[in-house]
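Colleague: Hi! Could you walk me through this one? I'm still new to reading structures.

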Amino acid sequence: MVSELTSVAALWWAVIFSGLYHGLNPGMGWPLAVSAALMERSHRALPKALGLLALGHFLAMLAILLPFSLMFVLVEWEVEIRVGAGLLVIAMGLYLTINRRHPRILARIHPARLALWSFLAANAHGAGLMLVPLFLGLCGIDADTGHKAAADLMQGNILTAFTVAFVHSFAMTVAGGIIGAVIYFWLGLRFLSKTWFNLDLLWALSLIAVGAFGIYAALYGH
């Protein structure tokens with residue numbers, strides 16, 4: 001019982017830390033929020049832009065997690081589903097390691113459509129996939145396959161998907177909002193242009209690491 005609670009806590013902390021990590025990554029959009037506030041010359045534009053980015057990210061997480069929540073009702077294939085999800089995340093990480101170019105479609109989206117941009121950017125970078133092994137681990141812990149009906153299990157998994165997406169997106173918004181506010185109010189866009197940092201390789205490697213963790217947890221963990 002204690003080890004199970006520890007596993008639950010570890011997975012939820014991983015969801016939170018992955019959100020913070022996404023928020024710090026410029027590729028998830030906080031520079032766009034800063035730019036929007038500077039162009040409108042209003043500090044109110046910053047939280048508005050961050051909110052739109054958060055909405056798009058949240059919807060992107062649900063778009064990935066909800067199909068897995070429905071699939072996971074096939075409890076007899078639990079291990080296979082989790083291993084397959086881990087391999088999918090690893091494949092995405094390897095692809096991004098080889099292909100460093102950002103999708104051209106993101107550059108074609110109007111700057112005012114931040115929610116749409118955030119939704120597409122999260123999916124293009126595999127942000128939702130990163131949550132899948134953590135989400136399936138939580139579903140595996142919650143699922144008492146001997147006593148729960150399939151409908152109850154599915155309902156619980158869908159609720160877990162919404163909760164994971166919300167907690168992750170909230171953590172991302174907090175991290176991105178803090179760094180965006182610091183740059184907007186104190187450092188300025190000139191500082192941002194001089195100190196731009198690229199996390200693409202680290203992002204790809206983190207996907208591979210999360211996928212490997214998901215496979216290990218499926219085979220040797222809970």
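Colleague: Let's start with His57: does it count as buried or exposed?

Modeller: Before anything else, keep in mind that this is a predicted model. His57 counts as buried, because its relative accessibility is 0% and the cut-off for buried is under 20%.

Colleague: Where does His57 lie?

Modeller: You'll find His57 in helix 3, which covers residues 45-71.

Colleague: And which residues is His57 in contact with, leaving aside its neighbours within four places in sequence?

Modeller: With those neighbours left aside, His57 is in contact with His22, Met28, Ser118, Ala122, Ala127, His168, Ser169 and Met172.

Colleague: Nice. Switching to rings now: how many aromatic pairs does the structure hold?

Modeller: There are 7 aromatic pairs. One of them is formed by Tyr21 and Trp203, and this pair is stacked, with 5.6 Å centre to centre and 20° between the planes.

Colleague: Which parts of the chain does that pair link?

Modeller: Distant ones: Tyr21 is in helix 1 (residues 2-24) and Trp203 is in helix 9, 182 residues apart.

Colleague: Are those two buried or exposed?

Modeller: Tyr21 is buried, with a relative accessible area of 19%. Trp203 counts as buried too, at 2% relative accessibility.

Colleague: Why does Tyr21 count as buried at 19%?

Modeller: Because buried means under 20% relative accessible area, the 19% of Tyr21 puts this residue in the buried group.

Colleague: What does Ser206 touch, not counting residues up to four places away in sequence?

Modeller: On that count, Ser206 touches Tyr21 and Met130. The place of Ser206 is in helix 9, residues 200-220, and Ser206 is buried, with a relative accessible area of 17%.

Colleague: Which residues form one aromatic cluster?

Modeller: That cluster is made of Tyr184, Phe185 and Trp186.

Colleague: Last topic, the nonpolar core. How many residues does the largest one have?

Modeller: The largest nonpolar core has 36 residues, and Leu65, Val132 and Phe135 have the most contacts inside it.

Colleague: Which elements give two or more residues to this core?

Modeller: Those are helix 1, helix 3, helix 4 (78-98), helix 7 (127-142), helix 8 (150-194) and helix 9. Helix 7 provides the largest share, 10 residues.

Colleague: And what does Val132 touch?

Modeller: Not counting residues up to four places away in sequence, Val132 touches Ile64, Leu65, Phe68 and Ala85.

How values were computed
Residues numbered from 1 in each chain as written. Predicted model: local features only at pLDDT ≥ 70, side-chain atom pairs only at ≥ 80, totals over all residues. Heavy atoms only, no water. Helix = DSSP H or I, 4+ residues; strand = E, 2+ residues; numbered from the N terminus. Buried < 20%, exposed > 50% of the residue type's maximum accessible area, 1.4 Å probe, protein only. Contact = heavy atoms within 4.5 Å. Phe/Tyr/Trp six-rings, centres within 6.5 Å; stacked < 30°, edge-to-face > 60°. Core = buried A, V, L, I, M, F, W, Y, C linked by side-chain atoms within 4.5 Å.
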